[in-house]
Amino acid sequence: YARPSSFSRGMRIDLNGVTILLISGTASIDENGQSVHIGDCGAQTRRTFGNITALLETEGATWRDVVRTTCYLRDIERDYAVFNEERTAFYGEQGLDPLPASTGIQAILCRPELLVEIEAIAMFHPESKA
């Protein structure tokens, strides 16, 4: 997002040998801050997971370190099946077992064209990543 921004994309907390990453709500936004995949919940979901993956990588983490997600859908009745199908496929590609704890919520998102927004919490021991 353009700077200055009114929030951090994520916050890193180092606590007694454990790193906690709090990743802000992330959506289908490109590197120029533009919404992408307008009207396509599946594509927005994939882009959102890709954006979170990039954030995790900047801190030396992966999806295997994610312990919790909160998933916001503009229209949960209409889009949940597609969203969940994409999420299940993505988690399968990542080889996740166990899966992160998660909550799905219907919400009005910050841009009217966005259908999905996800926030995440990751926890890991940085020394084990070296």
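Phe90 and Tyr91 are both buried (under 20% relative accessible area, with exposed meaning over 50% and partly exposed in between; 1.4 Å probe, protein chains only). The model is predicted, so local features require pLDDT of at least 70 and side-chain atom pairs count only at pLDDT 80 or more, while totals for chains, interfaces and linings use all residues. Residues are numbered from 1 along each chain as its sequence is written, and side-chain values use heavy atoms, without hydrogens and water.

The structure contains seven aromatic pairs, defined by ring centres of Phe, Tyr and Trp (its six-membered ring) within 6.5 Å, with planes under 30 degrees apart counted as stacked, over 60 as edge-to-face and the rest as tilted. In one of these, Tyr80 and Phe83, the centres lie 6.2 Å apart and the planes are at 45 degrees, so the pair is tilted. The two residues are three apart in helix H2 (residues 76-94), and therefore about one helical turn separates Tyr80 and Phe83; helices (H or I, at least four residues) and strands (E, at least two) are DSSP runs numbered from the N terminus. Tyr80 is partly exposed at 32% relative accessible area, whereas Phe83 is buried at 1%. Phe90 and Tyr91 also form a tilted pair, with 6.3 Å centre to centre and 55 degrees between the planes. Phe90 and Tyr91 belong to one aromatic cluster with Phe49 and Trp63.

Strand S1 (residues 10-15) contributes the most to a nonpolar surface patch, with three residues. Leu22, a member of this patch, is found in strand S2 (residues 18-26) and is partly exposed, with a relative accessible area of 35%.

Conventions:
Patches are made of residues with over 30% relative accessible area and no salt bridge: like charges are joined within 9 Å, nonpolar side chains (Val, Leu, Ile, Met, Phe, Trp, Tyr) within 5 Å. Accessible areas come from the Shrake-Rupley method with a 1.4 Å probe; for residues, only the protein chains shown count as cover. A salt bridge is a side-chain nitrogen of Lys or Arg within 4 Å of a carboxyl oxygen of Asp or Glu.
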